[in-house]
Amino acid sequence: MVVSLSAQFDFSAELRPRAEMRAGYKKLKDASREPAWIISQRTRLRASYSKSFYSLGISIQDVRLWGDESLVSSTGVFGDDASLDLNEAWIEMKFLKYSSVKIGRQYFMYDDYRLLWGRNWNQHSLSYDALLYSFKHPFLEAEFAISWNNTQDLLFENFFPEDRIKTLNFIHLSKKWGESFRSNIMILFAGYEKSDTTQVIYVRNTYGTYLSYNKNNLNLSGSAYYQGGKNREGLDVDAWCLSANAGVKAGKMRFKAGWVLISGNKPGTEVSGKKDQLFDIIYGARHRYYGYMDYFSNIPKSTGGGGLADYFAAVEFHPLEKIRLEAAYHYFELAREVMIEGAKKNKSLASEIDLSMRWLLSEEIELQGGYSLMLPQETLENMQGFNKGASDYSSWAWLMLTAKIK
């Protein structure tokens with residue numbers, strides 16, 4: 001008897017240049033400083049091979065700034081000593097009826113992306129070295145991941161930098177109720193070594209749920225996460241994150257609104273040795289949620305440990321099938337007051353306005369662009385070294401072309 005096994009090979013490529021005018025991106029502008037004009041580019045090649053019981057995926061990428069080559073001469077550009085990176089490299093093996101194991105560098109994208117996400121705005125994006133077990137049954141979907149990271153090919157011990165996650169492990173459950181409602185549960189453990197000279201691992205535990213309802217033109221979602229265990233310094237953790245979002249479509253318009261609250265510390269927590277109440281968003285989305293100008297991509301640093309509250313509203317307009325325009329407004333404030341130079345500061349941080357557009361030029365090519373401005377309050381100015389009202393007009397503009405060939 002001859003058994004025929006079908007196989008499929010796919011190849012794809014992506015080219016993504018992006019031009020930016022930075023006059024307040026991530027940092028408030030000083031009147032004495034001129035804007036930065038930069039062009040970055042991501043080039044990605046991906047190949048995949050599939051058979052009935054296994055799949056293999058490999059993706060390499062080059063991310064660069066125009067003009068940043070290290071090997072140059074007065075007459076041209078030769079390239080870089082090392083410019084390619086491994087974006088994905090995994091094998092997935094299927095067994096039994098509903099199970100599979102995926103091993104290697106891969107993407108993790110779950111729920112509302114508050115904890116794990118590919119962070120695609122970043123030209124490098126974000127992938128993970130891990131083993132993932134999946135059980136996908138019509139009644140329930142379950143996934144379990146484990147990882148163990150090293151920076152050196154050691155013969156003894158397991159030393160690792162204390163500012164990086166040594167081990168990331170999680171259990172994710174997802175259940176659909178009817179056609180409109182889905183409930184998910186995430187249990188995640190992120191371990192950090194006490195220092196790069198010890199093997200003591202502090203584990204921050206995250207437990208939470210994500211609920212979503214989608215029917216006709218209405219979308220509702222919300223999440224609640226709690227963190228316990230130990231932080232990177234060994235302090236007990238008692239932190240949380242809450243979010244709620246709503247969207248409704250009316251003709252060519254779509255209206256969205258939402259809120260997120262990330263708990264923060266009282267002033268002096270690290271000094272006094274009290275519990276750490278600053279929620280860690282782990283590898284969650286930043287640019288997608290907390291304003292396109294990325295002022296709050298590093299929440300411990302950008303809020304002084306005070307946590308963050310973000311209230312936002314947005315409207316999308318589709319004048320044509322292949323064109324989307326969006327205007328979004330964010331109001332940011334601290335979850336808790338902070339001390340700056342011995343003085344307690346107001347919670348209010350800033351307002352941000354983001355204008356953006358998407359234009360699908362063809363099935364393979366998309367043009368995107370936007371303009372954003374930051375309207376800071378005194379607390380944000382003080383955090384960035386300005387006196388009240390001393391920062392200059394802070395804005396940012398960008399234009400990005402994405403070409404994907406399959």
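Residues are numbered from 1 along each chain as its sequence is written, and side-chain values use heavy atoms, with hydrogens and water left out. Because the model is predicted, local features need pLDDT of at least 70 and side-chain atom pairs count only at pLDDT 80 or more, while totals for chains, interfaces and linings use all residues.

**Nonpolar core**

A nonpolar core is a set of buried Ala, Val, Leu, Ile, Met, Phe, Trp, Tyr and Cys residues joined through side-chain atoms within 4.5 Å. Buried means under 20% relative accessible area, exposed over 50%, and partly exposed in between (1.4 Å probe, protein chains only). The largest such core has 52 residues, and Phe108, Leu116 and Phe170 have the most contacts inside it. Two or more of its residues come from each of strands 8 (128-136), 10 (167-177), 11 (181-193), 14 (239-250), 15 (253-262), 17 (323-334), 20 (348-360) and 22 (394-405). Strand 11 gives the most, with four residues. Strands here are DSSP runs (E, at least two residues), numbered from the N terminus.

Contact means heavy atoms within 4.5 Å. Not counting residues up to four places away in sequence, Phe108 touches Leu116, Trp117, Gly118, Tyr128, Ala130, Leu132, Ala145 and Phe170.

**Aromatic rings and charges**

Rings of Phe, Tyr and Trp (its six-membered ring) pair if their centres lie within 6.5 Å; planes under 30 degrees apart count as stacked, over 60 as edge-to-face and the rest as tilted. The count is 18 aromatic pairs. Two of them are tabulated.

| Pair | Centre distance | Plane angle | Class |
|---|---|---|---|
| Tyr289 and Tyr290 | 6.1 Å | 50 degrees | tilted |
| Trp396 and Trp398 | 6.1 Å | 20 degrees | stacked |

Tyr289 and Tyr290 are both buried, as are Trp396 and Trp398. One aromatic cluster is formed by Phe108, Tyr110, Tyr128, Phe170 and Tyr283.

A charge sits over a ring if NZ of Lys or CZ of Arg is within 6 Å of the ring centre and within 35 degrees of the ring normal. Arg114 lies over the face of Tyr289, 3.6 Å from the ring centre. The charged end of Arg288 sits over the ring of Trp117, at 5.2 Å from its centre.

**Pocket and cavity**

On a 1 Å grid over the protein atoms alone, a cavity is a set of points where a 1.4 Å probe fits but cannot get out, and a pocket is an open set with protein on both sides within 12 Å along at least five of seven lines; lining residues have an atom within 4 Å of a point. Grid points are joined across faces, edges and corners, and a volume is the space filled by probe spheres set on the points.

The second largest pocket has a volume of about 520 Å³. Its lining has 28 residues, with Tyr110, Ser134, Lys136, Glu141 and Glu143 nearest the centre. Strand 8 gives the most to this lining, with four residues.

The whole structure holds one cavity of 30 Å³ or more. The largest cavity is lined by Arg114, Ala244, Asn245, Gly258, Trp259, Val260, Tyr289, Asp310 and Phe312. Strands 14, 15 and 16 (308-320) each give two or more residues to that lining, and strand 15 has the largest share, three residues.

**Threonine 402**

Thr402 is found in strand 22 and is buried, with a relative accessible area of 9%. Not counting residues up to four places away in sequence, Thr402 touches Glu14, Leu15, Arg16, Glu364, Ile365, Glu366 and Gln368.
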